Amino acid sequence: MPTSLPHTTAIIGAGIAGLACARALHDAGRRVVLFDKARGPGGRMSSRRLPGAVVDLGAQFFSVRDDAFRRQVETWRAAGRAAPWPEALWQADEGGWRRHRDGRERFIGSPRMSAVTRQLADGLDLIGETRIVRLERQAAQWWLVDQGETRHGPFDRVVVAVPSSQAGPLVEPHDPALAAACEAVIQRPCWAAWALLDSPLPSLPGVDDAWQAVQVRQGPLRFVSRNDHKPGRADQGESLTLLAHLDWSQARLEADTDEVARQLLAAFAAVLPAGSEMPRPRSLGAHRWRFAQPDVFARGEAVNRDHRLGSDGLALCGDGWRGPRVEDAWLSGHHLGGTLVAIDA
Ligand SMILES: Cc1cc2nc3c(=O)[nH]c(=O)nc-3n(C[C@H](O)[C@H](O)[C@H](O)COP(=O)(O)OP(=O)(O)OC[C@H]3O[C@@H](n4cnc5c(N)ncnc54)[C@H](O)[C@@H]3O)c2cc1C
């Protein structure tokens, strides 16, 4: 049975890009409905609840360069949804550990990363656990078909806000040029592991006990976060997120999840200063992000900027059209929303 929805714009993907686009349309009085295959919003900014701990497995923080995004971050901060983090960032390589100071402001959702995407989703119409597998065009309107063959619509316009590698097959039957643009964007994989430890990490010689995160320049790891050192999470035990290098991840994309988790924890133990003993993990696991971050992204053109407009009301946004950060994804969706409002005016 088709579901009958009176909305004008459908947005596939409730990551930060789809949400920013939806917000811009909604705030301008347009009707919009979001679809996501996951239960809730957030995409690559989602957090995982484990027994006794919440760990961020995607983005660890976001930086701010653009004024519009800065205003958004200030809104989150005023609502208690975001806070500065990490303020104690370190770097580690064969030469040892040293404090990393570059003057850049970094923030995180509080009490978990998904707090900011949930704030964006407040008041929006979001249909979760619905993977859109096909778009159909009928009588100059769009219908979205989900994994159970339920048809949702009709809609005047469809925004596809999923990683470009996944957007291509959806738009290809209707707009081959848009699909070709998706193919040109390379989204690279990343393994992200978590480890809940039996006891706190030991004091590391020469390193402040309050260290929150470390950029690693040695072995398979690139970044390690202490989730219990993030705002609002002091009551959880030592809980690490361990992000692997993209090259390392690509080479082991189909590796066994448990084995990858063990390797990344061992890699972190190897980075600790000599003599520091690693506590035992009471929970260890890993998540494979197949489309983690754009490596080659599609630089905006004068007309379409950091998003793409296709035929018959199809449009694309997401980090792949602008750059590999949360801020890029938000800007892509925000700008597309503004463009669509202007087209309607
Ligand atoms: C491990 C990792 C670490 C990162 N670290 C950082 C960092 O520290 N700082 C930073 O700024 N950025 C970081 N990033 C990048 C940042 O997370 C992304 O750039 C940003 O979140 C992308 O947002 P998006 O909305 O474009 O895509 P996504 O967040 O991927 O949103 C797409 C949404 O579409 C949904 N979806 C996909 N296909 C379908 C379908 N067919 N039907 C319905 N729904 C669908 C997905 O479930 C998802 O919710 C990191 C990313 C990863 C993976």
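The ligand is surrounded by 36 residues, a residue being counted as near when one of its heavy atoms lies within 4 Å of the molecule. The closest of these residues are D36, R44, F61, D319 and V326. The model is predicted: local features need pLDDT of at least 70 and side-chain atom pairs count only at pLDDT 80 or more, whereas totals for chains, interfaces and linings use all residues. Residues are numbered from 1 along each chain as its sequence is written, and side-chain values use heavy atoms, with hydrogens and water left out.

By class, the shell around the ligand holds 20 nonpolar, 10 polar and six charged residues. Here Ala, Val, Leu, Ile, Met, Phe, Trp, Tyr, Cys and Pro count as nonpolar, Asp, Glu, Lys and Arg as charged, and the others, Gly among them, as polar. At least two shell residues come from each of α1 (16-27), β20 (281-296) and α8 (326-344). The largest share, three residues, is supplied by β20. These elements are DSSP runs numbered from the N terminus, with helices (H or I) of at least four residues and strands (E) of at least two.

For A17, a backbone N or O atom lies 2.9 Å from an oxygen atom of the ligand, and for Q60 the corresponding backbone distance is 3.2 Å. Taken alone, the ligand exposes 1,000 Å², of which the protein buries 94%; such areas come from the Shrake-Rupley method with a 1.4 Å probe.

A further topic is the aromatic rings. The whole structure contains nine aromatic pairs, that is, rings of Phe, Tyr and Trp (its six-membered ring) with centres within 6.5 Å; planes under 30 degrees apart count as stacked, over 60 as edge-to-face and the rest as tilted. F69 and W76 form an edge-to-face pair, at 6.0 Å centre to centre and 80 degrees between the planes. The rings of F69 and W330 have centres 5.3 Å apart and planes at 50 degrees, so this pair is tilted. Because F69 lies in helix α2 (residues 67-78) and W330 in helix α8, the pair ties together parts that are 261 residues apart in sequence.

Is F69 buried or exposed? F69 counts as buried because its relative accessibility is 0%, the limits being under 20% relative accessible area for buried, over 50% for exposed and partly exposed in between (1.4 Å probe, protein chains only). W76 is likewise buried at 0%, and W330 is buried at 3%. Ring pairs link F62, F69, W76, F107 and W330 into a cluster.

Terms used
A polar contact is a pair of N or O atoms within 3.5 Å; within protein, one must be able to donate a hydrogen and the other to accept it, and residues adjacent in sequence count only if both atoms are side-chain atoms.
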